Each structure stands twice: as C-alpha cells, then as structure tokens.
Amino acid sequence: MTEIDAKIDALVPAWLTLPDIAEQLGVEVTRVRQLVKEGQLIAVRRGENRALHVPAAFIDGDKVVKGLSGTLTLLRDDGFTDEEMLEWLFTPDPTLPGTPAQALGENRGTEVKRRAQALAV
C-alpha cells in the first residue's frame with residue numbers, strides 16, 4: 001500500500017474506500033484487505049485522512065474485474081511498483097483504444113495481458 005502522487009491520482013477517474021468495496025462485494029472489510037494483501041487489488045493512501053482507496057474501475061458490480069488479478073501479477077513479475085501499475089493501467093493507449101483498465105472492464109483482458117507480457121521483453 002503506497003501513498004499516491006498527484007499525477008496518478010489525476011489519472012484515476014474514481015476511487016472507492018475499502019468499506020465501500022466490501023459493501024459492493026458483499027463481504028467483510030477484512031476480506032477486501034486480504035485481496036489487497038494477496039495482490040488481487042491495489043490500494044493506495046489518499047485524501048485528507050490518508051484512507052486506503054482502490055480505483056473504482058477495479059470493481060464490476062459485485063466482483064473484482066475479470067482479468068485484473070492476472071494482469072497485476074504479470075506487471076509485478078515485470079518489476080512494476082503499485083504506482084507504476086496504476087499509471088500503466090490508467091494511461092490512455094490509442095492502440096487499445098482507451099486505457100488498459102477500461103479494456104479489462106470491457107472484457108478485453110487477453111489483449112491487456114498480451115501487452116503486459118510484452119513489457120517484460
């Protein structure tokens with residue numbers, strides 16, 4: 001869990017607190033913390049209270065966006081920090097089109113993972 005800088009904070013259009021995510025997923029906050037600890041979600045400290053927040057784009061209704069966990073694993077294996085992963089996921093890519101996070105939300109995870117794998121080369 002890192003503290004977010006202004007550049008990345010501006011890239012991410014919306015954030016959710018851990019209690020908000022727990023409510024959406026229908027689980028306890030401790031389960032959401034476990035998802036963060038396991039690397040299935042990225043949480044950063046932001047705002048006046050420095051509370052933990054997760055990009056809203058990572059949650060699709062009552063579940064974590066399909067393909068997110070695998071993409072985060074690939075990026076971590078490539079040596080990306082949490083901030084670098086957020087920057088990559090939320091920076092527009094005209095060849096996708098949109099951002100990798102949007103593509104994951106639109107069930108285009110295969111292409112996102114292919115691009116994440118190519119970063120290691």
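The model is a predicted one. Its secondary structure consists of 7 helices and 6 strands. Read from the N terminus, the order of the elements is β-α-β-α-α-β-β-β-β-α-α-α-α. The radius of gyration is 14 Å, close to the 14 Å that the globule rule gives for 121 residues, so the protein is as compact as a globular protein of that length.

**Overall size and surface**

- Along the principal axes, the C-alpha atoms fill a box of roughly 35 × 30 × 25 Å.
- Of the 121 residues in the protein, 36% are buried.
- The protein exposes about 6700 Å², and 50% of this area is supplied by carbon and sulfur atoms.

**The largest nonpolar core**

- This core has 34 residues, and the members that touch the most other members are Leu41, Phe58, Leu86 and Leu89.
- At least two core residues come from each of β2 (15-17), α2 (18-25), α3 (29-37), β4 (51-55), α4 (68-77), α5 (82-90), α6 (100-105) and α7 (109-119).
- The largest share, 5 residues, is supplied by α5.
- Leaving aside residues up to four places away in sequence, Leu41 touches Val32, Leu35, Val36, Val54, Phe58, Ile59, Val64, Leu68, Leu72 and Arg76.

**Helix α3**

- The residues Val32, Leu35 and Val36 of α3 are buried.
- These three cover an arc of only 100° around the axis, which puts them on the same side of α3.
- An α-helix has 3.6 residues a turn, so residues three or four places apart point the same way.
- The buried residues of α3 pack against α2 and β6 (63-64).
- Val32, Leu35 and Val36 are also among the residues that Leu41 touches.
- On the face of α3 turned away from its buried side are the exposed residues Thr30 and Lys37.

**The annotated C-terminal region**

- UniProt, in an unreviewed entry, places the feature "domain: Rv2175c C-terminal" at residues 65-120.
- Over residues 65-120 the chain is 64% helix and 0% strand.
- The end C-alpha atoms of this stretch are 23 Å apart.

Conventions:
Residues are numbered from 1 along each chain as its sequence is written. This is a predicted model: local features need pLDDT of at least 70, side-chain atom pairs count only at pLDDT 80 or more; totals for chains, interfaces and linings use all residues. Side-chain values use heavy atoms; hydrogens and water are left out. A nonpolar core is a set of buried Ala, Val, Leu, Ile, Met, Phe, Trp, Tyr and Cys residues joined through side-chain atoms within 4.5 Å. Buried means under 20% relative accessible area, exposed over 50%, partly exposed in between (1.4 Å probe, protein chains only). Helices (H or I, at least four residues) and strands (E, at least two) are DSSP runs, numbered from the N terminus. Contact means heavy atoms within 4.5 Å. UniProt positions are given in the numbering used here, feature names are shortened, and annotations may be inferred rather than shown by experiment. The radius of gyration is taken over C-alpha atoms; the globule rule is 2.2 Å times the number of residues to the power 0.38. Accessible areas come from the Shrake-Rupley method with a 1.4 Å probe; for residues, only the protein chains shown count as cover. The arc is that of the directions from the helix axis to the C-beta atoms.
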